[in-house]
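Reader: I would like to learn how to read a structure feature by feature. Could you walk me through one?

Author: Gladly; let us look at it together.

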Amino acid sequence: MTKLVRTEEEIMLADAARGFLDEAAPVAHLRAQRDAGQTHDPELWKQMAEMGWAGVLVPEAAGGADMGFAAANVLAEEMGRSLTASPFLSTAVIAATALRQISDERARTALAAIAGGARTYALAIDEGSKHAPEASALRAERDGNGFRLSGEKRFVVDGGFANHLLVLARTDAGLTLFDIPADRAGIARTAQAMIDSRDAARITFDGVEATGDNVLGQVDDAMTVLAPALHAGQAALAAEMSGLAAGAFGMTLAYLKERTQFGVPIGSFQALQHRAAHLWSDCEVTASAILNAGRMLDGDPDNAALAVSLAKARATQTAQLAVQEGVQMHGGIGMTDEFDMGFYMKRARVGAEWLGDYGYHAGVVARLRGF
Amino acid sequence: MGQDSGDLALFRADIRAWLDENCPQDMRDGAVGEDSICWGGKNWNFTSEAQEIWLHRCATAGYSVPTWPVEYGGAGLNRDQEKIFHEEMARINARLPLQSFGIWMLGPALLQFGTHAQKLHFLPPIARGEIRWCQGYSEPGAGSDLASVQTKAEDKGDHWLVNGQKIWTSYANKADWIFALLRTDRDAPKHKGISFVLIDMRSEGASTRPIGLISGASPFCETFFDNVKVPKSYGEDIPSQVGEINRGWDVAKYLLTHEREMISGSAMLAGSGRSLGVILSESGHLDDPILRADVMRAEIDELAFGLTLERYKDQASAGQGTGDASAMLKYVGTELNKRRQELIMAGAGADALAWDDGRAPDWLRSKANSIEGGTSEVMLSILSRRVLGLPG
């Protein structure tokens, strides 16, 4: 088993990513985007693609960098630290992992388009307020050689701008995953103003035509393709949440050292010191779960489910603690929009729900541990 | 565990063969409870012939203290070899041949601060399980504020005259020797007047009294020194203190860090231990939704903590020191163990309330985890000042 320590390459990748993000996409970038009423920056994604980030999980034969899941987690973690909004998770991690499960020319073309930055994806699986892919009700009715999709998907992250959709639909004897261009007739997308200033859409499908070519994997067997993609996405989202927690904690720690009250830095008060040390400890424990999830996805993907859910559950909890402590320890200024902590808090809430909340992943852990 | 590289693969094969040949069947039951531990010492009564044979064979091969240098009674294993050794021991469920404060505490202190002659004199008897040591740190007036110890050692030329009282001296009533923090300079600042001194418990004027605890056991003692004469030297270049006189705090601090790692690694079996959820599902009360939710949270945190122990070990063997961050392991690990014991009691219900059930003493004992070796609050203060750099 590879050791639970970051490799030289991973440390260099993290440093390079942080250098780039601090310059090109700090929290101020997200703020400016929000103030301009935008949720996506195509120019930023183009730069990320040029650096190989869009193709982080795309095989070299398809023009990707093929760096592996632990490396994808490193990038996601740095994006969490700087609250960078990008199609990275939906496209470079989730869609690329789904497409990698298939070895045909169509999938290779799609992967190449991802790596080049030209094609973005959104994962349209959930229909209710909680992550429950198995409960999908959207129908794909047989129609000649193809299908017609009818129904609604909610909380489709990046669904407002992505040019392709991965749609989970109910077929005769199970669930089937479709890859459909987002501009196909019958698709209506309603972008929603989300608390984290990022894109998410409600998408209705009204008799949308799909051919056999649009089916990813086998009919009635979505999970063979989707499960690895969800695991990769959940792990990367956990890494993002862990980075987010570290970012929020860093701001809080700096504030404890500079803010004075009663003539002394507030960080000299034991009540705050112990809370800060507890939060740091929580971040450290979560970081181990993140590292482990990446190692398992790279080394033993068939048995990675426990590691992934452990990481997502821990990261969700740690990020929530970090932002709540962050606002409280900053006092009144933490409540102001002018200050960045609120951005961290809102992203933490969205990240907590997406791809399964704490309870969902705790349930997976319990089942896999045998109780 | 994955593929070992060439040398390590050979090493693993050697260890496996050695264990196969030398570990008695009765020592392969994986027992870890108090009754199964071999503590050694002059008064030790082996619980079985197998226990005696196992200790003797391990000590001869250096495997009672595998990482100590060969000349001091160890096998001189490096970290990678040590990991393999423990993996192979675990593979056959082998008991540890010997456990003691000499191995855990005094040995590391001597290896770090002792003279060569001191090491040759004191370490091999520890490795062979001949001398059992105890620790004389805390006093009635010096708990978390350990550096304020008052037990005094007056300079009488060729010996120290020691007077005072130590408390929480684990198994002092069964120990042969004690390593103690004594005040050797009453005028110096409190951290600069302490020496780390080695004392024979048979010395005239030294006495102990066990303290009854809430768990019903009495592993801790009070130890009294009433005009005890401690020689300044036990032979050529074998001073009775470790490190320099009045610099015992350096040794104590080093050992406290070591002790924290030990407590978080041993008392707390999170991650490597049995699933709490499985243990409680056997007791049949996991259908209580509130208990189940608490157990799920604990399971998640224990698994993540187990990975953290592994990560810190891997960091250490990769040469990335963890230093004061070990206070985090101590803090998190002991708090998790307390939660685990609470949930085990809650899951067992009335079944665990009778003394002869055996779960209550473990539950009660766990309450000391976050006190001994530095309280959780002291750990948090260490982290906030030394790791986070918050003002003191």
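Reader: How many residues does the contact take from chain B, and how many from chain A?

Author: Before the count, please keep in mind that this is a predicted model. As general background, the size of an interface is often given as the accessible area lost when the parts come together. Here we can count residues: the contact takes 34 residues from chain B and 33 residues from chain A.

Reader: Which elements give two or more residues to the side of chain B that touches chain A?

Author: They are four helices of chain B: H7 (276-283), H8 (289-317), H9 (326-348) and H11 (376-387). H8(B) supplies the largest share of that side, with 13 residues. Sorted by class, the side of chain B that touches chain A has 19 nonpolar, nine polar and six charged residues.

Reader: Let us turn to domains. Which domains does the assignment give for chain A?

Author: Chain A is assigned domain 1 (8-120), domain 2 (122-216) and domain 3 (223-369). For domain 1 and domain 3 of chain A, the C-alpha centres are 21 Å apart. In the contact between these two, 23 residues of domain 1 of chain A meet 27 residues of domain 3 of chain A.

Reader: Which elements give two or more residues to the domain 1 side of that contact in chain A?

Author: Helix H2 (27-35), helix H4 (69-81) and helix H5 (88-100) of chain A do. The largest share, 10 residues, comes from H4(A). By class, the residues on this side of domain 1 of chain A are 13 nonpolar, six polar and four charged.

Reader: And what does the assignment give for chain B?

Author: Chain B has domain 1 (6-99), domain 2 (133-248) and domain 3 (267-387). The C-alpha centres of domain 1 of chain B and domain 2 of chain B are separated by 31 Å.

Reader: What does UniProt list for residues 51-130 and for residues 134-228 of chain B?

Author: Both come from an unreviewed entry. For residues 51-130 of chain B, UniProt lists "domain: Acyl-CoA dehydrogenase/oxidase N-terminal". That span is 61% helix and 0% strand, and its end C-alpha atoms are 14 Å apart. For residues 134-228 of chain B, UniProt lists "domain: Acyl-CoA oxidase/dehydrogenase middle". This second span is 0% helix and 49% strand, with end C-alpha atoms 17 Å apart.

Reader: How do I check the span of a helix, say H8 (residues 270-299) of chain A?

Author: A general idea first: an α-helix has 3.6 residues a turn, so residues three or four places apart point the same way. For the check itself, at 1.5 Å a residue the 30 residues of H8(A) should span 44 Å, and the end C-alpha atoms are 43 Å apart, which agrees. H8(A) is also mostly covered, as 23 of its 30 residues are buried.

Reader: How should I read the pairing of strand E5 (residues 174-181) of chain A with strand E4 (residues 164-171) of chain A?

Author: Look at direction and at the bridges. E4(A) and E5(A) run antiparallel and are joined by eight bridges, and they form a hairpin with two residues between them. Within this pair, A:Leu168 stands opposite A:Leu177. E5(A) also runs antiparallel to strand E8 (residues 215-216) of chain A, joined by two bridges; there A:Phe178 stands opposite A:Val215. E5(A) is mostly covered, with six of its eight residues buried.

Reader: Is A:Leu138 buried or exposed?

Author: A count of 20 or more other C-beta atoms within 10 Å makes a residue buried. A:Leu138 has 22, so A:Leu138 is buried. A:Leu138 is found in the loop between strand E1 (121-124) and strand E2 (139-143) of chain A. Leaving out residues up to four places away in sequence, A:Leu138 touches several residues, among them A:Leu149, A:Ala169 and A:Phe205.

Reader: What is phi of B:Asn227, and what is phi of B:Asp237?

Author: In general, most residues other than glycine have a negative phi. B:Asn227 has a positive phi near 55 degrees, and B:Asp237 has a positive phi near 60 degrees. B:Asn227 lies in strand E7 (residues 220-231) of chain B, while B:Asp237 is in the loop between E7 and strand E8 (241-242) of chain B. B:Asn227 is exposed, with 12 other C-beta atoms within 10 Å. B:Asp237 also counts as exposed, with 12 C-beta neighbours inside 10 Å.

Definitions and conventions
Residues numbered from 1 in each chain as written. Chains lettered and ligands numbered in written order. Predicted model: local features only at pLDDT ≥ 70, side-chain atom pairs only at ≥ 80, totals over all residues. Domains from an automatic or database assignment. Contact = placed C-beta atoms within 7 Å. Nonpolar A, V, L, I, M, F, W, Y, C, P; charged D, E, K, R; others polar. Pairing = 2+ DSSP bridges. UniProt positions renumbered as here; feature names shortened; annotations may be inferred. Expected span 1.5 Å × (residues − 1).
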